[in-house]
Amino acid sequence: MNDQSTTSLGTPMQDAARDHLWMHFTRHGAYEKGARIPTIVRGEGHRIWDDTGKEYIDGLAGLFVVQVGHGRTELAEAARKQAEQLAFFPIWSYAHPSAIELAERLAAGAPGDLNRVFFTTGGGEAVESAWKLAKQYFKLTGKPHKHKVISRAVAYHGTPQGALSITGLPPLKADFEPLVPGAHKVPNTNIYRAAEDLREDPKAFGRWAADRIAEAIEFEGPDTVAAVFLEPVQNAGGCFPPPPGYFERVREICDEYDVLLVADEVICAFGRIGSMFASIDFGFTPDIITCAKGMTSGYSPIGAMIASDRLFEPYKKGTNSFLHGYTFGGHPVSSAVALANLDIFEREGLNDHVHENAPAFRKTLEKLLDLPIVGDVRGEGFFYGIELVKDKTTRETFSDEEAETLLRGHIDKGLFEAGLYCRADDRGDPVIQLAPPLTIGQAEFDDIEQRLRSVLSEASKHI
Ligand SMILES: Cc1ncc(COP(=O)(O)O)c(C=O)c1O
């Protein structure tokens, strides 16, 4: 039923959105007071349009998802063809050709012997599945007390209760406690905020940060720790790449304590950093990769947990089984779309394009460092964070109140008006996050830089 007591937002679609759509991670208060709900109706390449006809650059590929850009009829066609042939069948004790082919293709692209693909419908479910697998694997192989996990401060790993436990953002978790016990946090690789003696020595900082994992395993008891969850480049907090030697040392630590290394590549896989899997970019082999988002470029939802041969070994025996699954995991339509999406990657050389153009993207964004409000530009591939500071020399950050006024009062509004869709995030220190479709080049890098320059220059007048 429509609520007739509120004033119209101008169109029936706007009113219906306000009255019935529960948006994710959204403060609905402003819409109840009459603010328009940003409503995107169309996309083409790296551009999107809202319901008033206003055009934006999609600087975040939707939500780190639309790698090949919007409006690819070929992906729509792949979905149509699969739906006609076999719209749905589960992979619960059965198989279907598109899931089989996709599993084979992902295994071929994954590092080391990560040959076993468990499909989900998204990233959080992949993380959840990885923790459950780690627990059961150790129970089946004679180390039944290994169940805890270690992850990093400020990292986001999803919203199911296990994945939320692994997430290192206390404000996101507080209202949902008690969560799954046994998830412990270590420092992340934010070198901009590292102790002064480590800031100038990335290698020493990498060693220090990796050794915090060994320390946590020792504190918790090696016999109780099952897995370490790390993003190759941590998103929340604003793009923390691994310092040199970091993953090499983490791999050593995990081997020493028999702890599984899970690379959460929900954002970083599928060309975001440049290779099909970012573990390859950083030269390490995890025991499990979790991925989702870019696998179909968002044309249909799917996620996966890709596990090593060693982890599947116990499941080859007797009546053992991983008692876990999702009705829509490995959905035929999504699997077919993923295969067509990967065809586009290969045909258009998107991974090479990212490798070749990432330095230019970084260099263009680094021009913003001349603004007093821009403290740091960091990231890898087509994935960057721009940290905003109150004082560049001291690296002083904003108070919660100041960050709220800056980000929500000025920057969000400014970006919207400037026609740049990207994210102003204050889950750690305030940052602007960029992760555009992988198809863009220098003309769009310049355009993004110019739009950001005008928004940040204007915003800095208000601090
Ligand atoms: C690193 C990481 N892991 C897990 C997730 C959760 O994925 P989903 O939203 O598909 O459940 C996200 C989502 O952004 C993510 O960035």
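Which helix gives the most to the shell around the ligand?

1. Helix 6 (residues 123–140) does, contributing three residues to that shell; helices here are DSSP runs of H or I with at least four residues, strands are E runs of at least two, and both are numbered from the N terminus. In total, 13 residues surround the ligand, and the closest are Gly-122, Gly-123, Gly-124, Gly-158 and Val-266. By class, the shell holds five nonpolar, six polar and two charged residues (nonpolar: Ala, Val, Leu, Ile, Met, Phe, Trp, Tyr, Cys and Pro; charged: Asp, Glu, Lys and Arg; polar: the others, Gly among them).

2. On the basis of the model: it is predicted, local features need pLDDT of at least 70, side-chain atom pairs count only at pLDDT 80 or more, and totals for chains, interfaces and linings use all residues. Residues are numbered from 1 along each chain as its sequence is written.

3. Helix 5 (97–109) has 13 residues and reaches 18 Å from its first C-alpha to its last, close to the expected 18 Å (1.5 Å times one less than the number of residues). Its buried residues are Ser-98, Ala-99, Leu-102, Ala-103 and Leu-106. Because these cover an arc of only 130 degrees around the axis, they lie on the same side of helix 5 (the arc is that of the directions from the helix axis to the C-beta atoms). The face turned away from this buried side carries the exposed residues Glu-104 and Ala-108. Buried means 20 or more other C-beta atoms within 10 Å of the residue's own, exposed 12 or fewer, and partly exposed in between, with C-beta atoms placed from the backbone. Among the elements covering the buried residues of helix 5 are helix 4 and helix 14.

4. Helix 14 (332–348) has 17 residues and spans 24 Å between its first and last C-alpha, close to the 24 Å expected. Its buried residues pack against helix 4 (73–86), helix 5 and helix 15 (350–366). Just after helix 14, Gly-349 takes a positive phi of about 60 degrees.

5. His-331 lies in the loop between helix 13 (309–312) and helix 14. His-331 counts as buried because it has 27 C-beta neighbours inside 10 Å. Leaving aside neighbours within four places in sequence, His-331 is in contact with Phe-88 and Ile-302 (contact: C-beta atoms, placed from the backbone, within 7 Å).

How values were computed: A residue is near a molecule or strand if its C-beta atom, placed from the backbone, lies within 6 Å of it. Two residues are in contact if their C-beta atoms, placed from the backbone, lie within 7 Å.
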